[in-house]
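Me: Please take a close look at one part of this model and describe it in a single connected account. I would like the distances and the cut-offs stated as you go.

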Amino acid sequence: MSPITTHILNTSLGKPAAGVRIILYQQNGEDWNFLAEGITNSDGRVANLLSEEKLSVPANFKLRFETNAYFQQLGMESFYPFIEIVFTIKNNEHYHVPLLLNPFGYSTYRGS
């Protein structure tokens with residue numbers, strides 16, 4: 001299992017958000033280095049986003065969710081063209097960072 005996982009729930013539809021491109025970065029000084037990317041499946045999840053060998057901690061990480069294309073595909077207007085969630089990992093635990101999404105708002109939390 002990937003040490004960093006995520007899923008997206010479209011709260012306006014009450015369904016998982018399928019087909020959303022997600023990009024994972026790790027901070028290196030002022031720069032962000034690409035680590036991995038994937039597309040959410042029908043359950044709103046990306047299987048095997050990152051192998052454990054690629055995770056070096058402690059560090060800051062960023063998940064970028066390409067939400068504009070997702071909402072355009074649904075024929076919906078959206079306020080956010082993309083959403084970036086930045087978080088800190090201090091040890092080699094599993095980190096789950098879900099996104100609750102609607103066209104004009106979002107929330108996130110550290111899941112399990």
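This is a predicted model: local features need pLDDT of at least 70, side-chain atom pairs count only at pLDDT 80 or more; totals for chains, interfaces and linings use all residues.

Reply: Residues are numbered from 1 along each chain as its sequence is written, and side-chain values use heavy atoms, with hydrogens and water left out.

Strands here are DSSP runs of E with at least two residues, and helices are runs of H or I with at least four, both numbered from the N terminus. Two strands count as paired if DSSP finds at least two bridges between them. Strands of a sheet pair through backbone hydrogen bonds, either parallel or antiparallel.

Both senses occur at β9. Strand β2 (residues 8-10) pairs with β9 in the parallel sense over three bridges, whereas β9 (residues 99-102) and β10 pair in the antiparallel sense over four bridges. A hairpin of two residues joins β9 to β10. L100 faces a residue on either side: L9 stands opposite L100 in β9, and L100 stands opposite S107 in β10. L99 has T108 as its bridge partner in β10.

In a regular strand the side chains alternate between the two faces of the sheet. In β9, L99 and L101 make up the covered face, and L100 and N102 the uncovered one.

The loop between α1 (67-73) and β7 (83-89) holds S78. With 18% relative accessibility, S78 is buried (under 20% relative accessible area; over 50% is exposed and partly exposed is in between, with a 1.4 Å probe and protein chains only). Leaving aside residues up to four places away in sequence, S78 touches F71, P103 and F104, where contact means heavy atoms within 4.5 Å.

Aromatic rings come next. The structure holds five aromatic pairs; rings of Phe, Tyr and Trp (its six-membered ring) pair if their centres lie within 6.5 Å, and planes under 30 degrees apart count as stacked, over 60 as edge-to-face and the rest as tilted. In one of them, Y25 and F34 have ring centres 6.5 Å apart and planes at 80°, so this pair is edge-to-face. The pair of Y80 and Y106 is also edge-to-face, because the centres are 5.1 Å apart and the planes stand at 85°. Y80 lies in the loop between α1 and β7 and Y106 in strand β10, so the pair ties together parts that are 26 residues apart in sequence. Y80 is partly exposed at 23% relative accessibility, and Y106 is partly exposed at 36%. Together with F79, Y80 and Y106 form one aromatic cluster.
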